[in-house]
Amino acid sequence: MSEIIFELKDVWFSYLGKFSALCGVDLTIAKGQKICVIGANGSGKSTLLHILDGLIFVDYGSVKFLGKELKEKSFGDENFSKDFRRSVGLVFQNPDVQLFCPTVKEDILFGPLQLGIDKLEIESRFEKLVRFLDIRHLLDRSPHQLSVGEKRKVAVTSTLIMNPDVLILDEPTDGLDPLTTRHIIDLLLEENENGKTIITSTHDLHIVQEISDCVYVFSQEKKIISSGSPDKILEDTKLLQDNNLIHIHRHKHDQTTHIHPHQHLEHHS
Amino acid sequence: MKKNNFIERSISGAVSFLKESIFADEYASKNGFLQSLDPRIKTLTFLMFIMAILFTKSIAILLCLYAACLVLALFSKINIGFFLKRTWIFIPLFSLFIAIPALFSIFTPGQTILTINIIGAKLIITRQGLSSASLFVTRVVTSVSFAVLLNVTTRHFELLRVLRIFKVPQIFVMTLGMCYRYIYLFLEIVENTYLAIKSRVGSRLHYKKGQEIVAWNISSLWQRSYYLNEAVYNAMLSRGYSGEPVLLNDFKIKSKDWAWLFSITLFFVIIILGGKII
């Protein structure tokens, strides 16, 4: 059995003590796994990712990272905090939140500079990523001048440059054109092949099969209603329909009108 | 109807003015002389220019410095019409209103050069008054021109980073940078919210309703900025921020920068010594 990275047991969380966001979540993530968390809007996916990144802390239950309980006071220990931030990187859902520096270059370098990574190492990672994602022309621009796709690419770069062992992505392909989506998926697959654990939250079912070994489905009751291989989950039309992940759709293929769940996986393969 | 337009004009006018004045990088990205200098050296030498302007008591030297400023603007591929417009907008604000009273004998007694009669009241312009008012106006014109030239030939983020050579705390520099970054986002939100309202209510809107909408907009913007503040802080924490930011410093000083610094320092020393001798 691979090393367990995250272990969540009966996790409950609410905002301001009254708006429930997670209600009894159990989850285990092993090293090198590709995990996908799917669910409709407001089902608690982003909250879960923020808990995994040590940004918010559970009201009840336990979250363990490499066997160590993840609590707010753990981050008071500077060494633990730095090690954790080096190991776990989060790409936020809204790139405007993540890109807060005056220029793209400063934004990309912000993380490694805070973590005190060696300058030569930073330079080499920076060059590699800039070349791979083809963003050299954006470096001196301000994030507000970028398109949504460019912002997302830069947000992913600013997390990847920290070279985390666990990469958490909140709706990484939301609002992206197909080519940019492809670039980002390729990048994630390559990172996974290099041994990184990838945790993605999405409601874009087109990408689920590629970017996951295991899928967790969140219900509107803010808990995991089902989990399993992507094939098993994506074949369960009733489960997806009940949880607002697909809907009935009417359209044409070769002059024949189909009515089927809007899932596209079989019809557009 | 006019009152409606007033709200619309105010919002779109304020937004476009802010966008133009804060975010125009057009001249700073040109391949001119000042743009090619290291921003730290450039700021330092411009401070020397401004100090020289403050120390000198000679209008002739001030005019030479003003001419030098215009030449520098030309070599930096700045459109002179744009530059003059940008600088002279501020001049009446800063100087003319202050300088005009100094012309008259009430404030600056001395040798009469002109007497004006206004409804029986005698206003006397004195030579000393004229000389001190001209010195003041020329000084303001020249220093404002240098400040504007530095501003238009340097990108805002570079100017922010330059603050660090003056030992401004990193947290202050970073906060300023973030303000710059998010002002634009909020400007866009204001603009889009106004367009969204306009698309739903049409153009006929009672001005009182318009005022209500503006007030609601302000409170909604406040809430969004509060949310953003928390979210951005989390994004900083997530990338290892622990209270003391470490910021990028990739400036490189070339031999051209040293030569420029040396010449301006020499010039500054001459002006200071010359001023003492005179």
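Visitor: How many bridges join strand β1 of chain A to strand β4 of chain A, and which way do the two run?
Guide: Five bridges join them, β1 being residues 4–15 and β4 residues 60–65, and the two run antiparallel. Strands here are DSSP runs of E, at least two residues, and helices are runs of H or I, at least four residues, both numbered from the N terminus. This is a predicted model, where local features need pLDDT of at least 70 and side-chain atom pairs count only at pLDDT 80 or more, while totals for chains, interfaces and linings use all residues. Residues are numbered from 1 along each chain as its sequence is written, chains are lettered from A and ligands numbered from 1 in the order in which they are written, and side-chain values use heavy atoms, with hydrogens and water left out.

Visitor: Which residue in β4(A) is the bridge partner of A:Glu7?
Guide: That's A:Lys64.

Visitor: And what's the strand order in the open sheet of chain A?
Guide: It goes β2-β1-β4-β5, four strands with antiparallel pairing; strands pair if DSSP finds at least two bridges between them. β2 (19–30) and β5 (68–69) of chain A stand at the edges with a single partner strand each, so one side of each has no neighbour in the sheet.

Visitor: Switching topic: which residues have the most contacts inside the largest nonpolar core?
Guide: A:Phe6, A:Leu48, A:Leu52, A:Phe100 and A:Ile199, in a core of 52 residues. Such a core is a set of buried Ala, Val, Leu, Ile, Met, Phe, Trp, Tyr and Cys residues joined through side-chain atoms within 4.5 Å, buried meaning under 20% relative accessible area (1.4 Å probe, protein chains only).

Visitor: Which element gives the most to this core?
Guide: α9(B), with seven residues.

Visitor: What does A:Phe6 touch?
Guide: Its contacts (heavy atoms within 4.5 Å) include A:Leu27, A:Leu52, A:Lys64, A:Val88 and A:Ile199, leaving out residues up to four places away in sequence.

Visitor: How is chain B built?
Guide: Chain B has eleven helices and two strands. From the N terminus on, the elements run α-α-α-α-α-α-β-β-α-α-α-α-α.

Visitor: How much of chain B is buried?
Guide: 40% of its 278 residues count as buried.

How values were computed: Buried < 20%, exposed > 50% of the residue type's maximum accessible area, 1.4 Å probe, protein only.
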